[in-house]
Amino acid sequence: MTEQAQLLPGTLDLLILKAVSLGPLHGYGVLLRIGQISGQALLIEQGALYPALFRLVRQGLLEADWGTSENNRRAKFYELTSTGRKRLREETEGWNRLATAIASALATRPEEI
Amino acid sequence: MNLPAYLRSLAARFFHRSQVENDMEEELRSHIQHRADDLERSGLARAEAERRARIEFGGYAKWKEQSHQALGGNVIETLLQDLRFSLRVLRKSPGFALAAVLTLAVAIGANAVVFGILNALILRPLNVPQSESLYAIERGRDQAINHSYPDYLDLRDRNRSFDSLAAYDLAAAGLDTGKDLSSVWVQEVTGNYFDVLRTQPYLGRFFHASDEHGPNSAPYIVLPWAFWHSHFQDDRGVVGRVVQLNKHPFTILGVGPPGFRGNLLFLSPDFWVPIVNQEQIQGASILNARQNRTILMVLGHLRPGVTPAQAIADLNSIGAWLEKTYPKDDGQMTFSLTHPGLAGDWFGQPLQAFLMGMMLLAGLILLAACANLGSLFAARAADRSREVALRLALGSSRNRILRQVFTEAVLISLVGGVAGLAGSVVLLRALSVWQPLETAPIRVPVNPDAKVYLVALLLALASGFLFGAVPVRQILRTNPYEVVKSGSIVRVGRRMTVRDLLLVVQIAICAVLVTSSMVALRGLVRSLHSSFGFDPRNVMLVSADMTMGGYSGDKVPAMQRRVIDALAAIPGVKAVGSIDRPQLHYGANADTVFADKTTDLRPANAAAEPMMYRISPEYFTAAGTALLAGRALTWHDDKNSPRVAIVNREFAVKLFGSVTSAVGAYYKRSDGARIQVVGIVENGKYASLTEDPQPAMFLPIPQSPTSQATLIVRSNRTPQQLTAAIKSTMRDLDPGLPVDMCTWSQELNDAALFASRMATVSLGVMGALGAMLAITGIFGMAAYSVSKRLRELGIRVALGAQRKEVLQAALGRPLKLLVLGSAVGLILGLLATKVLAYIVYQATPRDPLVLAGVVLAMAFLGLLATWIPAQRALSVNPLILLREE
């Protein structure tokens, strides 16, 4: 496992939305999917996932339903709602703008001023 | 979801673990299982895998808690959880819970009762339509509410500010319904009274201005609903019935609406009759006497758009006209407006001041109770520091713990508040049907309404937050690691803690309450033993109103003389005298007098406005009033001889400079009559016990006749024997004359001492409540301090400490706080007695007995409260204690 980075505040919600947008997942699945798509580079406390999931459900961005997992266990599956999809698009754009701005700021060299 | 279903689900959630809770548990468990599956696949044993999965998950309780919060909308859920937990905690310490609830119930109850009375008498509008624009007219600098009938007519007809003005007077009358003879209170009202108050009859009809056609032209009666209900058993046939009032036929016209008792809050008349029939009711008519101001009140609705200030200006211009037109009769005709419910500001203002004072004291009681509970809560928080630390260590947030503490406090405050409110409702209901005086139709409806409930519950909630807030700092500062490591720490610091301060505040408040009740009690005792200018012991008062017996004109004094002679002949009777109105009876007549040389007899030139009494010659002997100089009156001072009077010392000094120069001197009455002073008597109390010395004059009945008479019968027989003898004597004289009698002491209790007695009782109750709170407060503190330091005390005893030293160590601090608090409270209480002086006779703070009383009382309370803790401290057995450690 490579060295893991702490999450910036607020980014967990975005990651969850992204993970779920790729297909319905249960809680543990969300964790695995984030690990997979981030190349295991991000450190997420397992328990911290659930307050975030419940918050997103309450905001109407996610829908949850009980189902059976690939391990043949009962699990709650999360899916993106249409508002969730919209929010994901907005947040992604916002994040990209921010990342570009910060990257270009950090890439500035003295002679460019 | 509809409301019942919502409540059901709420209840279900309260008593069972909720669906949400189960769901969440299952989901979190499912996560751990999935993780364990993965770990198992990587080669771990199942048990080890599950263990590892749980560790990786992190603080399970913490995440669950946060998930709960994230779910939101679970405020109620959390509240219910807290509530369940609080109930469990409180059930575990029932003593604490009971003490807290009782303390608060008492405090909230006291507040609810006082507020209920305040609400009923001051805040609640009069029970008539549009009461906000209804005003009574006050006159002159003294804000007198009484007027003369001719003045009333001028005010009514000349003003442009009122819809109309009504007026009324109160009188007693003899009622003969054909079955029995009784004395009733009637309100003599102007014909337009009901129209001015805008009320409609419940049954039959009211009389109106159009029914008045001069003196004795309207022999009609309107019954209040309550009197109809109690005396005529809701008989709808009473309308049109004729009853005998003072042996004159009066027709019952109708019945007023339920709840309508006229415009006075504390008085319920038995009848309403037209004032034009005054002569039949009172034996004489003052309807034409402009100087005779016996109309009790003039009132009316302001016209729409007219402000009170405009109305006052309007009235004052009429007043100026009256002064100019009737210089002999009318002086000081400036006016102001007041609310009609409490008979004007002369009565309403002291009452309001008293009730406000009581409200303040009740507030102090609540504050003391909060201080008490606050220190209890702080002590509990200290004891529970281990539990708090554990919960913090297990991932509970401080917010959550605080919320739980507040839930506990509010729970106690609500239960206490509801209990207190229930008690106060019972008390207020009882007060509402209570008729405090036998001799007057006084009844105060103080039934609680929604406002009272609301105020009580708000107070309860507010106090819950107040005392719940005391341990907050303590909890916020808790360091879980320290506490779990070393157990709760008792600091025996010299520093004043919040808890100490609370105790001092509480004791100070209690000392204020105890001081004021002592001052009131002393005042009452003193007024019972002060010099009234007469001796009420062994005296029976017999009131026989000749008008009620149908006597009039010259027959009145003749009959009075016969009554006096007949009563004086009863064996054991020492003296019998007659006076128109006993001293210290409700109200008194007063009249202006002038120096002999004054010729312009306008009110502005008056030398004094003495009390005026009309007496029979033997009055002073019967009343036990000392004659200081000159001679007594005789039956020869009659219509054919020069007019004479006996005056009191104050009168003599005021008009003539001294007692000796007054004998034989002359003065003038407002009608111009020259009167010679033949005797001087000692000063007395006339209108109230708290008054300054007042001038008074006593005129012989034959020279100034009156039909009102109260007979003063002094004897050496018991009241029971005397009552029977007087009754049979009076029956022999005239069986148709209604007779009321009671002992003079009883009468004084009713009339003159009523206010100070009520004040003393209410202050006494407040004082007792304060004392109770002081005891529980000191007891709590002392018991707590002893129990915390048992180990230290044990070691001291083991090292050979004496009993005195043990006690000092255990109880020194609470006692020091007691002394400090008492001193502060005593000083504040003495400052507060200035307020008491309104009602209580000679309420003075510089009374050694009061000071000693307060000090003794507080010392006694301290002793009582620390007795049990002291016993416990002394019975410390070091061996057992040390073994337990």
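Guide: The centres of domain 3 and domain 4 of chain B, taken over C-alpha atoms, are separated by 54 Å. In the domain assignment of chain B, domain 4 covers 545–738, while domain 3 is made up of two segments, 349–528 and 754–884. The assignment also gives domain 1 as 18–58 and domain 2 as 131–338. This is a predicted model, with an ipTM of 0.88 and a pTM of 0.70. For chain B the average pLDDT is 82, and 91% of the residues score at least 70.

Let us now turn to the side of chain B that touches chain A. Here 19 residues of chain B are in contact with 17 residues of chain A. Three helices of chain B, namely α2 (19–41), α3 (46–57) and α4 (60–71), each supply at least two residues of this side. The largest share, eight residues, comes from α2(B).

Along the principal axes, the C-alpha atoms of chain A fill a box of roughly 60 × 35 × 20 Å. Of the 113 residues in chain A, 26% are buried. Among the contacts in chain A with a separation of 6 or more, 52% are between residues 24 or more positions apart.

Note on methods
Residues numbered from 1 in each chain as written. Chains lettered and ligands numbered in written order. Predicted model: local features only at pLDDT ≥ 70, side-chain atom pairs only at ≥ 80, totals over all residues. pLDDT = per-residue confidence, 0-100. Contact = placed C-beta atoms within 7 Å. Helix = DSSP H or I, 4+ residues; strand = E, 2+ residues; numbered from the N terminus. Domains from an automatic or database assignment. Buried ≥ 20, exposed ≤ 12 C-beta atoms within 10 Å, placed from the backbone.
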